[in-house]
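Colleague: Please take a close look at a single part of this model and describe what surrounds it.

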Amino acid sequence: MDIYSQLPALDLATLNVKEKNLMKRYLVFVTVVVLTVVASGLLLAQSNTQVGSSPASTSDAGFAQEILKAHNLYRCQHGVPPLLWNADVAAYAQNWVNKMGRVVKHSKSYDSPLGPMGENLYWGSPQPSGTDAAKSWYSEVSSYKFGSEGTSASGHFTAMIWKDAKYLGCGRANAAISCNYWSGTKTSDCTVPNMGGCYSQQVRPRSRDAEACK
(Lines give C-alpha, C1' and ligand atoms only; values in the text may rest on other atoms or scores of the structure.)
Protein backbone atom coordinates (compact mmCIF):
# COMPACT_ATOMS: atom_id res chain seq x y z
CA MET A 1 0.00 0.00 0.00
CA ASP A 2 1.26 3.50 -0.93
CA ILE A 3 0.60 5.46 2.28
CA TYR A 4 1.55 8.73 0.66
CA SER A 5 -1.27 8.45 -1.89
CA GLN A 6 -3.73 8.55 1.01
CA LEU A 7 -2.63 12.02 2.08
CA PRO A 8 -4.25 15.21 0.74
CA ALA A 9 -2.32 17.07 -1.96
CA LEU A 10 -0.10 19.79 -0.56
CA ASP A 11 1.86 22.53 -2.22
CA LEU A 12 5.17 22.34 -0.35
CA ALA A 13 6.27 25.61 -1.90
CA THR A 14 3.66 27.43 0.17
CA LEU A 15 4.89 25.99 3.48
CA ASN A 16 7.47 27.66 5.70
CA VAL A 17 10.46 25.80 7.17
CA LYS A 18 8.71 24.93 10.43
CA GLU A 19 5.66 23.54 8.63
CA LYS A 20 7.86 21.50 6.30
CA ASN A 21 9.71 19.95 9.28
CA LEU A 22 6.41 19.05 10.95
CA MET A 23 5.18 17.47 7.74
CA LYS A 24 8.36 15.36 7.45
CA ARG A 25 7.98 14.17 11.04
CA TYR A 26 4.34 13.25 10.43
CA LEU A 27 5.25 11.18 7.36
CA VAL A 28 7.96 9.34 9.29
CA PHE A 29 5.51 8.60 12.11
CA VAL A 30 2.89 7.24 9.70
CA THR A 31 5.48 5.05 8.00
CA VAL A 32 6.64 3.56 11.32
CA VAL A 33 3.06 2.82 12.40
CA VAL A 34 2.23 1.06 9.13
CA LEU A 35 5.41 -1.05 9.22
CA THR A 36 4.76 -2.02 12.84
CA VAL A 37 1.21 -3.17 12.04
CA VAL A 38 2.41 -5.21 9.07
CA ALA A 39 5.18 -6.86 11.10
CA SER A 40 2.79 -7.71 13.93
CA GLY A 41 0.39 -9.31 11.49
CA LEU A 42 3.14 -11.48 10.04
CA LEU A 43 4.27 -12.64 13.50
CA LEU A 44 0.70 -13.47 14.52
CA ALA A 45 0.13 -15.48 11.37
CA GLN A 46 3.37 -17.39 11.94
CA SER A 47 2.42 -18.10 15.57
CA ASN A 48 -1.01 -19.40 14.61
CA THR A 49 0.52 -21.68 12.02
CA GLN A 50 2.96 -23.17 14.55
CA VAL A 51 0.24 -23.85 17.11
CA GLY A 52 -2.21 -25.29 14.64
CA SER A 53 0.27 -27.59 12.94
CA SER A 54 1.61 -29.46 15.93
CA PRO A 55 0.68 -33.10 15.39
CA ALA A 56 2.97 -34.26 18.19
CA SER A 57 1.06 -32.37 20.89
CA THR A 58 -2.29 -33.48 19.48
CA SER A 59 -1.12 -37.08 19.32
CA ASP A 60 0.20 -37.01 22.91
CA ALA A 61 -3.07 -35.59 24.21
CA GLY A 62 -5.04 -38.25 22.38
CA PHE A 63 -2.84 -41.01 23.78
CA ALA A 64 -3.20 -39.66 27.32
CA GLN A 65 -6.98 -39.50 27.06
CA GLU A 66 -7.18 -42.97 25.55
CA ILE A 67 -5.04 -44.78 28.12
CA LEU A 68 -6.58 -42.91 31.07
CA LYS A 69 -10.09 -43.80 29.87
CA ALA A 70 -9.11 -47.46 29.47
CA HIS A 71 -7.70 -47.60 32.99
CA ASN A 72 -10.73 -45.99 34.55
CA LEU A 73 -13.10 -48.33 32.73
CA TYR A 74 -11.38 -51.29 34.38
CA ARG A 75 -11.10 -49.56 37.76
CA CYS A 76 -14.82 -48.82 37.73
CA GLN A 77 -15.55 -52.51 37.29
CA HIS A 78 -13.69 -53.17 40.55
CA GLY A 79 -15.39 -50.37 42.47
CA VAL A 80 -12.32 -48.15 42.95
CA PRO A 81 -12.01 -44.39 42.23
CA PRO A 82 -10.89 -43.17 38.79
CA LEU A 83 -7.30 -42.10 38.25
CA LEU A 84 -6.34 -38.52 37.42
CA TRP A 85 -3.74 -37.67 34.79
CA ASN A 86 -0.61 -36.12 36.30
CA ALA A 87 1.84 -34.23 34.09
CA ASP A 88 4.81 -34.83 36.42
CA VAL A 89 4.18 -38.56 36.51
CA ALA A 90 3.77 -38.57 32.71
CA ALA A 91 7.08 -36.72 32.32
CA TYR A 92 8.78 -39.35 34.49
CA ALA A 93 7.28 -42.16 32.40
CA GLN A 94 8.15 -40.48 29.10
CA ASN A 95 11.72 -39.84 30.19
CA TRP A 96 12.14 -43.49 31.11
CA VAL A 97 10.60 -44.92 27.96
CA ASN A 98 12.84 -42.62 25.90
CA LYS A 99 15.94 -44.00 27.66
CA MET A 100 14.74 -47.59 27.65
CA GLY A 101 15.03 -48.06 23.89
CA ARG A 102 14.32 -51.61 22.72
CA VAL A 103 15.31 -53.26 26.01
CA VAL A 104 12.16 -53.43 28.14
CA LYS A 105 13.13 -53.04 31.80
CA HIS A 106 11.71 -51.27 34.82
CA SER A 107 12.93 -47.97 36.18
CA LYS A 108 13.57 -47.43 39.88
CA SER A 109 10.05 -46.07 40.25
CA TYR A 110 9.77 -46.93 43.93
CA ASP A 111 12.67 -44.52 44.52
CA SER A 112 11.49 -41.78 42.15
CA PRO A 113 11.86 -38.06 43.04
CA LEU A 114 8.06 -37.81 43.21
CA GLY A 115 7.72 -40.67 45.65
CA PRO A 116 7.26 -44.44 45.32
CA MET A 117 5.20 -45.39 42.25
CA GLY A 118 3.98 -48.58 40.66
CA GLU A 119 5.01 -49.14 37.05
CA ASN A 120 3.69 -51.10 34.08
CA LEU A 121 5.55 -51.65 30.81
CA TYR A 122 4.20 -52.79 27.46
CA TRP A 123 5.81 -53.41 24.10
CA GLY A 124 4.09 -53.70 20.74
CA SER A 125 4.84 -53.06 17.09
CA PRO A 126 4.78 -50.76 15.21
CA GLN A 127 3.24 -48.41 17.79
CA PRO A 128 0.98 -49.76 20.52
CA SER A 129 -2.17 -47.98 21.58
CA GLY A 130 -3.15 -47.12 25.12
CA THR A 131 -6.13 -49.44 24.82
CA ASP A 132 -3.88 -52.33 23.75
CA ALA A 133 -1.61 -51.85 26.75
CA ALA A 134 -4.42 -51.55 29.29
CA LYS A 135 -6.20 -54.60 27.86
CA SER A 136 -3.04 -56.68 28.07
CA TRP A 137 -2.33 -55.66 31.64
CA TYR A 138 -5.90 -56.26 32.76
CA SER A 139 -5.92 -59.76 31.25
CA GLU A 140 -3.75 -60.84 34.19
CA VAL A 141 -6.89 -60.72 36.35
CA SER A 142 -7.26 -64.43 35.56
CA SER A 143 -3.93 -65.09 37.29
CA TYR A 144 -4.76 -63.29 40.52
CA LYS A 145 -6.40 -64.89 43.55
CA PHE A 146 -8.30 -62.14 45.36
CA GLY A 147 -7.41 -61.80 49.02
CA SER A 148 -3.89 -63.06 48.48
CA GLU A 149 -0.54 -61.44 47.81
CA GLY A 150 0.30 -60.59 44.23
CA THR A 151 2.72 -62.43 41.98
CA SER A 152 4.77 -61.59 38.90
CA ALA A 153 1.97 -63.13 36.82
CA SER A 154 -0.59 -60.56 38.03
CA GLY A 155 1.48 -57.49 38.89
CA HIS A 156 0.32 -55.39 35.94
CA PHE A 157 -3.33 -56.01 36.79
CA THR A 158 -2.98 -55.25 40.50
CA ALA A 159 -1.05 -52.03 39.88
CA MET A 160 -3.68 -50.61 37.54
CA ILE A 161 -6.65 -51.23 39.86
CA TRP A 162 -4.89 -50.52 43.18
CA LYS A 163 -7.56 -48.75 45.23
CA ASP A 164 -5.50 -45.89 46.68
CA ALA A 165 -3.57 -45.05 43.52
CA LYS A 166 -4.64 -41.52 42.55
CA TYR A 167 -2.52 -40.38 39.62
CA LEU A 168 -1.57 -41.89 36.29
CA GLY A 169 1.11 -40.76 33.87
CA CYS A 170 2.31 -42.62 30.78
CA GLY A 171 4.87 -42.23 28.02
CA ARG A 172 5.22 -43.89 24.63
CA ALA A 173 8.29 -44.26 22.39
CA ASN A 174 10.22 -46.90 20.45
CA ALA A 175 7.13 -49.18 20.27
CA ALA A 176 6.95 -49.27 24.07
CA ILE A 177 4.61 -47.80 26.70
CA SER A 178 5.49 -47.03 30.30
CA CYS A 179 2.84 -46.10 32.88
CA ASN A 180 3.35 -45.06 36.49
CA TYR A 181 0.81 -45.11 39.30
CA TRP A 182 1.26 -42.66 42.16
CA SER A 183 -0.77 -42.26 45.33
CA GLY A 184 0.65 -38.79 45.95
CA THR A 185 2.69 -39.91 48.95
CA LYS A 186 6.42 -39.74 49.60
CA THR A 187 6.36 -42.76 51.93
CA SER A 188 6.23 -46.47 51.19
CA ASP A 189 2.85 -47.36 52.66
CA CYS A 190 -0.19 -49.35 51.58
CA THR A 191 -1.31 -46.61 49.17
CA VAL A 192 1.64 -47.49 46.90
CA PRO A 193 0.68 -50.01 44.18
CA ASN A 194 1.91 -53.57 44.71
CA MET A 195 3.21 -52.90 48.20
CA GLY A 196 3.63 -56.18 50.05
CA GLY A 197 1.11 -56.99 52.77
CA CYS A 198 -1.51 -54.63 51.30
CA TYR A 199 -3.12 -56.58 48.49
CA SER A 200 -6.19 -57.78 50.35
CA GLN A 201 -7.32 -54.24 51.19
CA GLN A 202 -6.28 -52.65 47.89
CA VAL A 203 -7.25 -55.13 45.15
CA ARG A 204 -11.01 -55.59 45.04
CA PRO A 205 -12.94 -58.26 43.11
CA ARG A 206 -14.93 -57.26 40.05
CA SER A 207 -18.33 -55.95 41.08
CA ARG A 208 -19.69 -54.34 37.88
CA ASP A 209 -19.73 -55.16 34.20
CA ALA A 210 -18.17 -53.02 31.52
CA GLU A 211 -21.51 -51.72 30.23
CA ALA A 212 -22.36 -50.30 33.64
CA CYS A 213 -19.10 -48.35 33.64
CA LYS A 214 -19.32 -46.77 30.18
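Modeller: The side chain of Gln202 makes a polar contact with the side chain of Trp162, at 3.3 Å; a polar contact is a pair of N or O atoms within 3.5 Å, where within protein one must be able to donate a hydrogen and the other to accept it, and residues adjacent in sequence count only if both atoms are side-chain atoms. This is a predicted model, in which local features need pLDDT of at least 70 and side-chain atom pairs count only at pLDDT 80 or more, while totals for chains, interfaces and linings use all residues. Residues are numbered from 1 along each chain as its sequence is written, and side-chain values use heavy atoms, with hydrogens and water left out.

Gln202 sits in helix α6, residues 199-202 (helices are DSSP runs of H or I with at least four residues, strands are runs of E with at least two, both numbered from the N terminus). Gln202 counts as buried because its relative accessibility is 0%; buried means under 20% relative accessible area, exposed over 50%, partly exposed in between, with a 1.4 Å probe and protein chains only. Apart from neighbours within four places in sequence, Gln202 is in contact with Ile161, Trp162, Lys163, Asp164, Cys190 and Thr191, contact being heavy atoms within 4.5 Å.

As for the sheet, 4 strands form an open, mixed one in the order β1-β3-β4-β2, where two strands pair if DSSP finds at least two bridges between them. Its edge strands are β1 (84-85) and β2 (117-123), each pairing on one side only. Strand β1 runs parallel to β3 (residues 167-173), joined by 2 bridges, and Trp85 stands opposite Leu168 in β3.
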